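Opening the notebook on this one.

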Amino acid sequence: MDPGELWKMISNSLRRVSQKKLKDRTYRRRHKYSIWIVVKLHLLGLLRGDSPRILYGRILGTKGFRRHYGLPNRLISLSQYKKRLKTPLFARALREVLEYTAARALRRLGESENSVLMADLTTLRSNPRKDPKAAWGFDSKGLLYGYK
């Protein structure tokens, strides 16, 4: 799946989740910009590998960037965006979108063996002869074969 296809799937999921949550009082708009715009900007930054400052620089400096990624003409300011990232409402909205997207992705994969690995930034060392799915990489202690 290429990044464009992934972004399209994430945008559709975000739109559907926000429409489902219209009647939920938790997500009612208390600010000028809804929490769903903040979630969309955050996911776009993660997908592109951009920090908030670099993402805003691209939004303001690149012609056609907003249209390409389906962003509104008027956006929340960078300082307000950073403040809203720290709220519990943002974490809840992000979780809703990710759960919906993950469920759709797993359904799309169909009947196949899938595994989900949750990690807390702990390196998991593995044996190169016994684990073909692991890979070589670096952690804070040096070279490792396993998972990060």
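This is a predicted model: local features need pLDDT of at least 70, side-chain atom pairs count only at pLDDT 80 or more; totals for chains, interfaces and linings use all residues.

Three strands make an open sheet, ordered 1-3-2, with antiparallel pairing. I looked up the edges next: strand 1 (124-125) and strand 2 (135-139) each pair on one side only. Then I checked how strand 2 sits against strand 3 (residues 142-147), and found an antiparallel pairing over five bridges. One bridge I noted down links Ala-135 to Gly-146 in strand 3.

**Core**

Which residues have the most contacts inside the largest nonpolar core? I got Val-39 and Leu-41, in a core of 28 residues. Helix 2 gives the most, with eight residues.

Leaving out residues up to four places away in sequence, Leu-41 touches Leu-55, Tyr-56, Ile-59, Leu-71, Leu-75, Ile-76 and Tyr-81.

**Helix 2 against helix 5**

Last, I looked at how helix 2 packs on helix 5 (residues 78-85): the angle is about 95°, and the axes are 10 Å apart. Angles of 65 to 115 degrees count as roughly perpendicular, so I put helix 2 and helix 5 down as roughly perpendicular to each other. From helix 2, Ile-35, Val-38, Leu-41 and His-42 meet Tyr-81, Arg-84 and Leu-85 of helix 5. Sorted by class, I have five nonpolar residues, one polar and one charged in this contact.

How values were computed
Residues are numbered from 1 along each chain as its sequence is written. Side-chain values use heavy atoms; hydrogens and water are left out. Two strands pair if DSSP finds at least two bridges between them. Helices (H or I, at least four residues) and strands (E, at least two) are DSSP runs, numbered from the N terminus. A nonpolar core is a set of buried Ala, Val, Leu, Ile, Met, Phe, Trp, Tyr and Cys residues joined through side-chain atoms within 4.5 Å. Buried means under 20% relative accessible area, exposed over 50%, partly exposed in between (1.4 Å probe, protein chains only). Contact means heavy atoms within 4.5 Å. Axes are lines fitted to C-alpha atoms, for helices over the stretch in contact, and angles run from 0 to 180 degrees between N-to-C directions. Angles under 35 degrees count as roughly parallel, over 145 as roughly antiparallel, 65 to 115 as roughly perpendicular and the rest as oblique. Ala, Val, Leu, Ile, Met, Phe, Trp, Tyr, Cys and Pro count as nonpolar, Asp, Glu, Lys and Arg as charged, and the others, Gly among them, as polar.
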